[in-house]
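Hi,

Here's the structure I promised to pass on.

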Amino acid sequence: MQKRALAAATTLTLALSLTACSAGSGTADGEDGGMEKFTVGVIGIGSDAAIQTAIDKGYFAEEGLDVETTVVANPPAGIAAAQSGQLDVAYTPSIPLINALSQNIELNVIAAADGYATEALEGKDPGKSDDTGLFIRPDSGIARARDLAGKRIAVPARKAQLEVTVANMVLKDGGDPASINWMVLDPASSLQSLQQERVDAAGLVAPFTTNAQAEGMKLLGSPGIEFFEAGAVGLWVAGAKQIAEEPESVAGFQRAIYRANAYANEHLDEMDELASEITSLDLETIKNGADPYWPSSVELKDLQRVDSNLVNLGYLSQEVGLDETLIHGAQ
Amino acid sequence: MKRHLFNLALAITAPFVLILAWFKASSQSTNAFFPPLSDILVRFADLWIFEHFVSDIIPSMRNLIIGFALAAVLGVVIGFILATVPVLRVLFEPSLHLLRGIPPVALVPILITLVGFTDQMRISSIVIAAVFPTLIATMDGIKAVDASLKDVCTVYRLDRKDRLLSVYLPSASPQIAAGMQVSLLVAFIVMIASEMMGTAQGIGAMTLLAQQTFMAADMWAGILLLGLIGFLSNVLFDLVKNRALSWYIGSKKMEKVS
């Protein structure tokens, strides 16, 4: 009993001190030549090649930023760290961002991290533009998205990008997404469970999409591009307080990232090599996957579309209501 | 006796004082991750009484109880056999210590491959993780049986069966109970971890989902419930233990007095 009280006291103190920390911790000024230390949370995916380029080519250094990347476990963890000032900027896809905004977490979008080119939807092969894919067994008897109603579908996380985008495919095709039995599985278990007939379909992210194809699984659709259509999907976000405290650093980060994004789109082979280093996958797997795209801006209408789709699909009870103030530097 | 009552009063009031302090300190909180305790308690009532009681609490508790019961029985049986058959002990003891060193949570992905992600997987991961503390405590308890007790057995010419079941096992039972208590704790941890994959059902799964969708009050409500269940299961275990081992606790008291 006494031990428990002690443990509770420790937890409480920890919780309170965390609250205190989040109230006002800025980034310490770097010592080396007036460079500002700037920490960025990434999730270790192929599109991180652009931020790596900005580091390697000195784009950040030119803005007086000493950028250091840290791999965080998942986008919600990155958002929590950015909001509290543990990270200056974090990577998140738009869906977790809108989930966070709906819970009154104050965040702003700094720049686009990845997405789909405007012409991608009209492109000949959506599988080559979309880094996500919905896979089924070739003999499963599932012919189209609406057949997935009532089936078991594996996704990496509940109420996150793959679940939402697959639900969207099913709804658009006339099926009922509410009847789907979602299974949370890591990508490797997901593919295996699909083969072992423990799930009926698996929503996968690159490079596991390449693995699924290599194992003879059938691509039923490209949920990402169907949902997002075009524009930025992956975003660099920062806590509102962070931006107010160091507007110049944030502006510098934004300029350097867009410079790197433009370079990245022009040098896909170089980016594939970087992506292979970042993800520790062989170059061939990377090249077989979807072609990445780094947008040159974040358009409010693209995010508003996601917001209203989340309501249509029942993931949000009402629209968050996004306006220009969400996107940093856009007036 | 007075001292004892004072300690009891202290033990009961301290948590309440802490909760009150939390309530006060958080009441003005606008931080999305640390909502006021009043919000958390409202969500606690909304979620757990009784909306998710059948859909999430019952499955979690069922897995915990079945998993722990299987682990306790297996632990005692295997521990007993290993402690009384020296050849087997020599053969298996080193590998046992290797196996119990593996963090149980690390086994979840392997179990998914082997048995899928049903309740079967959840129960088996609880059993695999929770069996070791009881097993090892049983082995140690039997090995540590007092030498004079063994002599008495010889003098009374007890046969092997009587010796093992009527003397060795009861004499090891305080240690076995201590092992089971650790098993209960491990079973509880693995119950939560096993819900992080597969069907999103159970208290652990709900809490994780709340965290990932930034429903901070729901997340804290889940954490509170988990803490409460952990605490109550321990209290329940203590009650059963004190009852079953009343002879032992009594004899200890007598020793102290004399």
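This is a predicted model: local features need pLDDT of at least 70, side-chain atom pairs count only at pLDDT 80 or more; totals for chains, interfaces and linings use all residues.

Let's begin with the two chains. On the chain A side, 30 residues are in contact, and they meet 29 residues of chain B. If you want to find that side of chain A, look for α1 (2–24), α4 (75–84), α5 (94–102), β7 (181–184) and α8 (187–195), each of which gives it two or more residues. The largest share comes from α1(A), with 10 residues. As for what the chain A side is made of, 17 of its residues are nonpolar, eight are polar and five are charged.

β7(A) is joined by two bridges to strand β1 of chain B (residues 198–199), and the two run antiparallel. To spot the place, find Val184(A), which sits opposite Gly198(B) in β1(B).

Now over to chain B for the helices. Helix α6 (residues 119–143) and helix α8 (residues 160–194) of chain B have axes that come within 7 Å and cross at roughly 155°. Angles over 145 degrees count as roughly antiparallel, so that is how α6(B) and α8(B) lie to each other. The crossing of α6(B) past α8(B) is right-handed. In their contact you'll find 18 nonpolar residues, along with eight polar and two charged ones.

That's it from me; happy browsing!

Cheers

Note on methods. Residues are numbered from 1 along each chain as its sequence is written. Chains are lettered from A and ligands numbered from 1 in the order in which they are written. Two residues are in contact if their C-beta atoms, placed from the backbone, lie within 7 Å. Helices (H or I, at least four residues) and strands (E, at least two) are DSSP runs, numbered from the N terminus. Ala, Val, Leu, Ile, Met, Phe, Trp, Tyr, Cys and Pro count as nonpolar, Asp, Glu, Lys and Arg as charged, and the others, Gly among them, as polar. Two strands pair if DSSP finds at least two bridges between them. Axes are lines fitted to C-alpha atoms, for helices over the stretch in contact, and angles run from 0 to 180 degrees between N-to-C directions. Angles under 35 degrees count as roughly parallel, over 145 as roughly antiparallel, 65 to 115 as roughly perpendicular and the rest as oblique. A crossing is left-handed if the near helix is turned anticlockwise from the far one by less than a right angle, and right-handed if clockwise.
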